Structures are given as C-alpha cells and as structure tokens.
Amino acid sequence: MRPLWLLALLLALSQALPFEQKGFWDFTLDDGLLMMNDEEASGADTTSGVPDMDSVTPTFSAMCPFGCHCHLRVVQCSDLGLKTVPKEISPDTTLLDLQNNDITELRKDDFKGLQHLYALVLVNNKISKIHEKAFSPLRKLQKLYISKNHLVEIPPNLPSSLVELRIHDNRIRKVPKGVFSGLRNMNCIEMGGNPLENSGFEPGAFDGLKLNYLRISEAKLTGIPKDLPETLNELHLDHNKIQAIELEDLLRYSKLYRLGLGHNQIRMIENGSLSFLPTLRELHLDNNKLSRVPAGLPDLKLLQVVYLHSNNITKVGVNDFCPMGFGVKRAYYNGISLFNNPVPYWEVQPATFRCVTDRLAIQFGNYKK
C-alpha cells in the first residue's frame, strides 16, 4: 500500500497565509501559486505545486542515502542531523527533502547529476554559504525552499527554471540589482522575516521579474518599496513599520487584487492612493493607527473584503464604503471588520452598509481602551 503521506500530493490550499513549513509535503500546498490561472502562469511546465502524476512513476533504483526514505522519485532525508548533503541520491529524483538538519554549506557538486529535480527543501538548517555553482546541475528545479537558515544574501545563479522561491527567516539585508536576472519563470517569492529596510533594495532589484505573489512581511520597512514588479496580483507587507501610504506608492500596481498592510503603523492614506488599484478585491489595514476609514473605497468596484479592525477610527460616514448611486459598485462586500475601534457603533447609520451582502458580513464593537 502506498504510504499515506503520498496522498498529500493531491492536496491544494487556496488561501494566501504567511508561509510556515510544518512538514515535508507542505511545499505542495502553494498559498501563492494556486491563485493564478494558466494564462497568468509563465514559462515553466508546472506551476500548480503538485508534480505531474504521469511523471511520478515507480523506480527500482537501489540508490538511497543511509537513513533516508526513498519511494518513487521522492528522497526524504529530514530530521537526521545531517551536516552535509548526502551522496548516492538517485539521478531521477524529483523531490528532495533535507529540512530540519544541520547543513551549514552547499558545495559545488552537492547536487551533481540531479537534473530532474523539481523541488528542493532545505528549510531549518544552518546554511550560511552557497557555492556560486551549487545549483548549476538543477536545470528543471521549480521550487526552492531555503527558509530558516543563516543566509545573509540571496543565493547567486539561481536556476532559470525556478518558479517559486521561499527564503524567509534568514539574515538578508540587501537585494542587489541583477540577483534575479534571467528568472523569467519566477512568479512567487516569499522573503519575509529578514532584516530588510527600504534602503536594502537596490534600484532595479526586481527588473525582469513577472511575479504574481510577493511577501516581505516581518521586516523593517518604513514604506512601500519602490519598483516592485508591475505584474503583482498579491503583495503582502504586514508586520513592518510603514507609517503612511502616499499618492505615488501604489501607482504601478494596477493588477493587485490582494494587498496586505496589517500590523504596521499607518496613520495616513493620502486621498487618491487607492484609485490606482481598480482590480483590488481584498484590503488588509488592520492593526494600524488610522483615525478614519480610507477615502476612495466606494470607487473600488471589485472590492469585497476590508479589514480595518484594531485602529483608532472614531467615526464611520454613511458613504465611506458604498457609492452614492445605485448599480455603480459591481461587487458587494462580503466582509468588513471594524471591531476594536473607538467608534460608537450605535451612531453608525444602517445605510452605511447598503452594499454589503448581509449583516453577518460586518464585524463591529468590542472596543477596549
């Protein structure tokens, strides 16, 4: 009987939550890539996060590193206390799991011969050094998970086939120009949990990328970084130190449909800033220092979810969410959170929420000073 953990190949999650690697098969549960359709995906053969089942056929190679578990084209070597990448890995390996070990360095020939590797999981090691040619043999690698290590820079010479990079919870302070050069297939980067400041992004750092999903959460940003890819559908900058949204900050991101700015220090959103986001469906502004509902929400015809809880909002106007006319807003709200604000909810007029699907979509009250 095929091991139960292989059933995880068939799973898929659709919510874009902060990435947390709990087990080997978590890397198939893409929170960023699943939101794209085939037309939005670029270049590579597979972007769904689940390997093509036709290509995962039984092999009978006797090659399996000592202590590891090998089945089909999967080599699982997690939680073994490994100091280096093991040898004797079958050249037809598609998925290689090396998480939760003590690997400190990736050497030139560590992945030699693994030209069919699709996903490489190196989460929670002690990697601080990567040879410039370490990834050269990995011509078909699409997913590289190297979070929770000791890296101080983006690895050089990443495979051009790469679709998804998760490098959060390292020690990266700088994203230089050209580090992502040639990565035409890349559409998802998770790089939160690094001590990145706005000055750490060199001009042109993201040139050439056509990302759909980018998360730079839990960093040291004081504003929205400049020159991020115009192709972004999701941008998550929560848990930073952003204080304001100025008019030009969102100018180039007209394709965004989810924007995460929760858990910052935002006091002001300049009038007109949100008008550059005509396709926005979900806006997270919770746990900030806003004193009013941001202007421009009624003009966002596709907006359905707004998180404004845990701010300093003292008043909600009758036209703060819904347009004044009828039939103007195409999508009705199905979620508005306003709880934990000092607004007297009994003074808010019922007509304020005339373009909400039902009363259960509104979360109000429970303010504690």
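Is Asp110 buried or exposed? Asp110 is buried, with a relative accessible area of 5%; buried means under 20% relative accessible area, exposed over 50%, and partly exposed in between (1.4 Å probe, protein chains only). Its salt-bridge partner is Arg107, and the closest N and O atoms of the two are 3.2 Å apart. Arg107 is partly exposed, at 34% relative accessibility.

**Basis of the model**

The model is predicted: local features need pLDDT of at least 70, side-chain atom pairs count only at pLDDT 80 or more, and totals for chains, interfaces and linings use all residues. Residues are numbered from 1 along each chain as its sequence is written, and side-chain values use heavy atoms, with hydrogens and water left out. The mean pLDDT (the predictor's confidence in each residue, from 0 to 100) of the protein is 85, and 81% of its residues reach 70 or more. Over residues 1-60, pLDDT stays under 50.

**Salt bridges**

Side chains of opposite charge can pair when their charged atoms come close. A salt bridge is a side-chain nitrogen of Lys or Arg within 4 Å of a carboxyl oxygen of Asp or Glu, and the structure holds 13 of them. One of these joins Arg215 to Asp238, at 3.5 Å from N to O. This pair links distant parts of the chain, 23 residues apart: Arg215 lies in strand S10 (residues 213-215), and Asp238 in the loop between strand S11 (234-236) and strand S12 (244-245). Strands (E, at least two residues) are DSSP runs, numbered from the N terminus. Arg215 is buried, at 3% relative accessible area, and Asp238 is buried at 11%. Elsewhere, Lys83, Asp102 and Lys126 are linked in a network of salt bridges.

**Disulfides**

A disulfide is a pair of cysteine sulfur atoms within 2.5 Å, and a search of the whole structure finds 3.

| Disulfide | S to S distance |
|---|---|
| Cys64 and Cys70 | 2.0 Å |
| Cys68 and Cys77 | 2.1 Å |
| Cys322 and Cys355 | 2.0 Å |

With bonded cysteines counted along the chain, the pattern is 1-3, 2-4, 5-6. The torsion about the S-S bond of Cys64 and Cys70 is about 85 degrees, so this disulfide is right-handed. Cys64 is partly exposed, at 25% relative accessible area, and Cys70 is partly exposed at 33%. Cys68 and Cys77 are both buried. For Cys322 and Cys355 the torsion is about -90 degrees, so their disulfide is left-handed. Both of these cysteines, Cys322 and Cys355, are buried.

Key: Contact = heavy atoms within 4.5 Å. Helix = DSSP H or I, 4+ residues; strand = E, 2+ residues; numbered from the N terminus.
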